[in-house]
Amino acid sequence: MDKTFHISSYCHIKNNSVSLDGKLLFTSPIQEFTAFVKSAAQQLHTNYAKFYKMDNLSKLAFLAADVLLKNAELPVDTENDIAIILSNKASSLGTDRTYQASIDDPDNFFPSPSVFVYTLPNICIGEISIKHQLHSENCFFIFDSFNADHLWTNAQSLLKRNKAEKVLCGWVDFDDKNYEAFLYLVEENGIIAHSPNEIKKLYRT
Amino acid sequence: MPNCYLSYNNILSSLGFDTTSVFEHLKTGKSGIQPVQDPTRFYKSVFAAVIPTDTLNSEFETLEAKHQYTRLEKMLIVSLSKTIKASGVTINNRIGLIISTTKGNIDILNSQSQFPNERVYLGTLGHVVKDFFSFENDAIVISNACVSGVLAVAVAKRYIQEGLYDAVFVVAGDLVSDFVISGFNSFQALSHGPCRPYDKDRIGINLGEVAASVLVTTKKEELSEDAVEVLGEGSCNDANHISGPSRTGEGLYRSITSALKEANMHSNDIDYISAHGTATAFNDEMEAIAFNRLRLHETPLHSLKGYFGHTLGASGLLETLVGMQSLRQNTLIASAGFETLGVSKPLNIITKTTAKELRTFLKTASGFGGCNTAALFRKVS
């Protein structure tokens with residue numbers, strides 16, 4: 001019989017708040033993203049020095065993944081085969097604009113490699129993989145808006161073909177001042193069925 | 001699960017606007033890399049492989065487009081129109097569209113562009129291509145650094161095998177732009193002459209621009225003469241560093257292992273390797289280590305970066321399409337720029353373009369963010 005898969009947990013970061021499985025973990029009156037995410041990372045015990053060097057998109061994705069994967073209590077002595085499928089609308093445009101501004105002025109033409117490397121959306125997958133030592137399948141997609149059907153298709157394909165044991169899926173968008181993350185973990189264990197409808201429902205919570 | 005094939009295809013490049021004429025140039029050893037001085041496009045002169053603007057514009061005019069299109073959009077549309085036409089496939093709700101790009105219309109991000117800011121969004125690029133050809137399904141855009149082009153093929157296979165689409169058109173493209181030139185320059189990774197993958201005197205990459213497109217299908221009646229079956233694929237992360245490759249080649253090693261397992265093949269079943277070979281010190285060394293861990297050090301191998309430069313999100317697809325021609329014509333293409341091995345492990349670099357009976361090849365790619373992709377192909381006819 002074919003295996004069935006479930007959503008074991010999910011995390012939202014939006015409107016100055018971080019929540020896990022629909023329960024509020026952290027909220028702050030701070031509107032501005034950089035200050036908000038710094039304070040969230042401290043309160044949620046992210047304890048990762050490299051976090052502060054990341055661009056906004058990576059901070060957003062990293063924090064959401066960290067909240068989820070810490071909660072999943074992964075075994076530390078064996079390898080975790082968790083694929084990562086992320087998506088957004090704005091790609092890395094937040095950092096692209098910063099980088100473009102730095103090269104627009106020919107008299108001040110000193111592009112920084114530490115900024116340039118973040119001008120790719122999948123860098124945040126690399127940051128999550130490094131922290132949690134995931135040598136697994138990854139792919140970054142761009143959609144106009146959150147697209148549960150496409151995430152579902154890709155996760156099902158990886159799980160059914162044994163390309164991954166679990167899949168960390170979701171949406172991480174940072175554009176101008178606006179941000180939103182919704183990540184969820186798919187695996188055999190869990191109560192919520194892995195289906196496009198359930199994913200859409202959780203996204204809207 | 002149904003077998004998936006790569007079929008009708010097109011390469012739009014500095015070496016020509018169709019796959020067979022590009023391959024003829026490769027056989028004669030012609031490279032598209034040259035010093036480029038074009039103040040309308042670039043702040044400084046650069047060694048790169050660029051598509052001639054006049055040829056691109058005149059090809060695009062024959063399509064009688066009604067709206068204004070950016071340079072990259074023209075590249076993608078011209079390439080895809082040739083592939084769709086050659087395939088004879090009618091677009092309906094069972095046909096998918098995948099676009100692979102790292103930076104899309106990044107050249108219009110500067111304030112002088114005549115195009116509105118929203119055009120820089122990759123989703124908008126997807127709509128532009130979708131609307132031009134009246135695809136019924138929205139474009140799926142993949143932006144996963146330098147593995148995007150070959151990863152797009154793996155993703156097309158997922159959609160077909162999951163039963164969503166009967167066939168998928170994949171189109172990949174990226175520009176040479178000041179944005180990317182300055183970025184690689186800031187890493188001191190740009191070569192001031194033609195690049196030399198795996199050579200002891202390699203000093204870095206050249207950038208290049210290409211659009212490449214292919215029909216991915218399960219239907220035997222939709223196969224071209226150079227069609228190949230996709231036997232297996234894998235895309236694994238190094239989990240090591242965001243801008244430097246793993247010293248053990250971990251992600252690449254795992255990607256190839258995953259592809260071999262799916263294909264039910266051993267490494268000695270591979271007739272040749274189309275590697276990534278960017279000609280940076282770290283990348284080429286990492287690949288040599290990964291290939292040696294898999295006992296692939298005697299398998300003929302090349303990098304095509306010495307002909308096309310590094311074409312970013314298009315490179316994986318471009319190099320796969322060249323591999324299809326190699327199988328069809330039973331010809332191993334020399335690795336341009338290579339003379340003396342400059343990595344710490346042995347590799348069997350193809351030094352001369354030679355005739356050899358070929359059935360299977362391995363395509364690999366690696367990129368920023370620690371990503372790697374491997375795919376295995378076998379010729380059909």
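Contact means heavy atoms within 4.5 Å. This is a predicted model: local features need pLDDT of at least 70, side-chain atom pairs count only at pLDDT 80 or more, and totals for chains, interfaces and linings use all residues. Residues are numbered from 1 along each chain as its sequence is written, chains are lettered from A in the order in which they are written, and side-chain values use heavy atoms, without hydrogens and water.

**View 1. The interface of chain A and chain B.** On chain A, 52 residues are in contact with 54 residues of chain B. The two chains bury about 4,400 Å² between them, 58% of it on carbon and sulfur atoms. Buried area is the accessible area (1.4 Å probe) that two parts lose on being put together, summed over both. Phe116(A), His135(A) and Arg161(A) supply 14% of the area that chain A buries against chain B, more than any other three residues.

**View 2. A salt bridge between Arg161(A) and Glu262(B).** Their closest N and O atoms are 3.3 Å apart. A salt bridge puts a side-chain nitrogen of Lys or Arg within 4 Å of a carboxyl oxygen of Asp or Glu. The count between chain A and chain B is 7 salt bridges.

**View 3. Helix α7 of chain A, residues 196-204.** Helices are DSSP runs (H or I, at least four residues), and strands are too (E, at least two), numbered from the N terminus. Seen down the axis of α7(A), they fall within an arc of 130° (directions from the helix axis to the C-beta atoms), so they line one face of the helix. The face turned away carries Asn197(A) and Arg204(A), both exposed (over 50%). The buried residues pack against β1 (6-14), α6 (148-160), β7 (178-187) and β8 (192-193) of chain A.

Methods
Buried < 20%, exposed > 50% of the residue type's maximum accessible area, 1.4 Å probe, protein only.
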